Amino acid sequence: MAVNSSAAEPQQARGSNILGDFFLRVIVLTIVIAAFMRFGNVNIGAIGQGLGYALAGVTVFLTFRVLGFVDLTVDGAFPIGGAVCAVLIFGGVRAEIAILAAFVAGALTGLATALIDILFKIEGLLASIIVITGAYTVTLHIMGGKSNVPLLGKETLISRHSRDFRNWLVEQFGDQMRRQSTNLLEIMIFGLVVIVVLVILYWFLRTEIGLAIRATGKNDQMVRATGLNHHLMIIIGLMVANGLTGLAGSMVVQQFGFADVSLGFGLIIRGLAAVIIGEVLLRPRTVGQLLIAAAAGMLVFDISRAWIFSALDLPTTDIQLVSALVVLAALGTPRLYDQWQSYRQRHN
Amino acid sequence: MLRLDNVSVTFNAGTPNEVRALQNLSLFVEDGEFVTVIGSNGAGKSTLFNVVSGAVHADSGRIELDGEDITISPEYQRSHDIGRVFQDPRLGTCPGLTIRENLSLAAIHGRRAGFRRDVKKAEESWFIEQLERQRLGLEHRLDADVALLSGGQRQAITLVMATLAKPKLLLLDEHTAALDPNAAEQVISLTQELAEANDLSVVMITHSMQQACDLGDRVIMMNQGKIEFEISGEERENLTPADLIERFHSLGSGAELSDRQLLA
């Protein structure tokens, strides 16, 4: 292929090049965040929290971007996943099984939204609001009618290892690490869970079913013409996507040490912000890069929010307003930038 | 191959906007036959395709494909045996996916999507062979995003996709109408090649009187949801666009030809 063919063949020109660019951007972003946290006095707990929520960002990427389905179900899937996990752990079930159950619970909320959309032809936006509304009561019932289930003294994925890890950390690095031991443990365990889930998801999106799901979001007419049931693809897609949010719910519940019926409030907005932040900062191209960007976007969101809290010394009651403003900044800035660009073009 | 018995479709039944898109239409297409369909706007040509492909369901009547009653089977199931190419080049392929991924998707045709790898190494030479036949050079661009291709290129790929899994029937809905003359010609010759190579039954809607005369074994003229006349055999052999336009006008009011059809 000729050297100057890059304009006619942008795909070929991308190839290996972009792969390098992407990882370069990931590394730069990591360094910037690290510096930001160091000098902005942000506790590393924000990373653990971001990792706990990261899969909810991936959910929004799957529904909005891959399936092209306006799905708000995460607000209901998250507390249900959390509640199922908390109740099971409270009852003495192993944390791993509780997490899988949370995935299933989240997937069922996705199934509900998909079925309402398909059977009643109610569009995703409304269908998911219906599901969120109903899910609130279901979550309360799962938690035995209480709005809160504490996990104090129960064995979670974190608490199982926390004492051993703290002792090991103090032994190796001295007593000043004692305060950070739980945060570090969370980062390691949640980081591992997120990586494993992303790898499985990457494999899944590149199976035949995954290909059909990706195609459904772009051109469902063609999917039908190919002899594939696009409704089935929407069902599978929404189930997998919201299952991830259920899983995220179970992680966050173990981190907080309690489940609460209001945990998912406003999560959809944060997920959307995560997807946009990931896209703007990392400019992902391939399936794998897009997945990483969505998860990383949530991390950046939570760290930015934590920084605002510590910088302005705000009380936790302000959390939702700060969330809303960070989301507004994430969604609005690229658009303002575009407007400014076209304004400049018109006036030059 | 394809048999329609007294098929009727009415849109907005019982309202002032009622449209009787198909009125007791019967049609038989033989194995390996190539039929062209002409008619004015609103004659029911596209509804005919939609009712055969399952995008629209018949209010009454019966549809058979290869001896099997498909009147009520869902669209995606019928697609196992029916390949389709639409007028809008954007409808037939999936933007955001590569040529390879689009072809792989089409290759799933006829079986269930499973957990096998989406793009398979083993299919590559098959894809390349199919694309080489088009002489568009697309065999070198398997990993290009389909969104980057021209309308003619996308339509050519759609044709390959529609025939990849060896359907029994191919429905072409003015599939060259949105293309420039050069691309249209290429797509038409590719159509003929693929139809012959796969021994397909083809029904093609066309706006071009020239295409209706040049291609296929039989011309069907539709008007107001009915088949107005058919021309086949010897008469069809000697048919010219001028003859067709004359037959068209002899139908009197209701059969209006658009300028586009007269010019084409």
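Begin by selecting A:Glu208 and B:Arg116: in this predicted model, the two residues form a salt bridge, and their closest N and O atoms lie 3.1 Å apart. This pair belongs to the contact between the two chains, where five salt bridges are counted between chain A and chain B.

Next, colour the side of chain A that touches chain B by helix. Helix H1 (10-39), H7, helix H8 (208-218) and helix H9 (220-225) of chain A each supply at least two residues to this side. Of these, select H8(A) in particular, as this helix gives the most, with seven residues.

Then display the whole interface. Chain A brings 27 residues to the contact, and chain B brings 38 residues. Between the chains about 2800 Å² is buried, and carbon and sulfur atoms give 61% of that area.

Now turn to the surface and select A:Leu192, A:Val196, A:Ile200, A:Trp203 and B:Phe115. Together these residues form a nonpolar patch with about 540 Å² of accessible area. One of them, A:Ile200, is placed in helix H7 (residues 181-205) of chain A.

Finally, colour chain B by confidence. Its mean pLDDT is 86, and 95% of its residues reach 70 or more. Select helix H11 (residues 259-263) of chain B to see where confidence in that chain is lowest, at a mean of 56; strand S8 (residues 201-205) of chain B shows the highest, at 94. For the complex, the predictor gives an ipTM of 0.85 and a pTM of 0.88.

Methods:
Residues are numbered from 1 along each chain as its sequence is written. Chains are lettered from A and ligands numbered from 1 in the order in which they are written. This is a predicted model: local features need pLDDT of at least 70, side-chain atom pairs count only at pLDDT 80 or more; totals for chains, interfaces and linings use all residues. Side-chain values use heavy atoms; hydrogens and water are left out. pLDDT is the predictor's confidence in each residue, from 0 to 100. Helices (H or I, at least four residues) and strands (E, at least two) are DSSP runs, numbered from the N terminus. Patches are made of residues with over 30% relative accessible area and no salt bridge: like charges are joined within 9 Å, nonpolar side chains (Val, Leu, Ile, Met, Phe, Trp, Tyr) within 5 Å. Accessible areas come from the Shrake-Rupley method with a 1.4 Å probe; for residues, only the protein chains shown count as cover. A salt bridge is a side-chain nitrogen of Lys or Arg within 4 Å of a carboxyl oxygen of Asp or Glu. Contact means heavy atoms within 4.5 Å. Buried area is the accessible area (1.4 Å probe) that two parts lose on being put together, summed over both.
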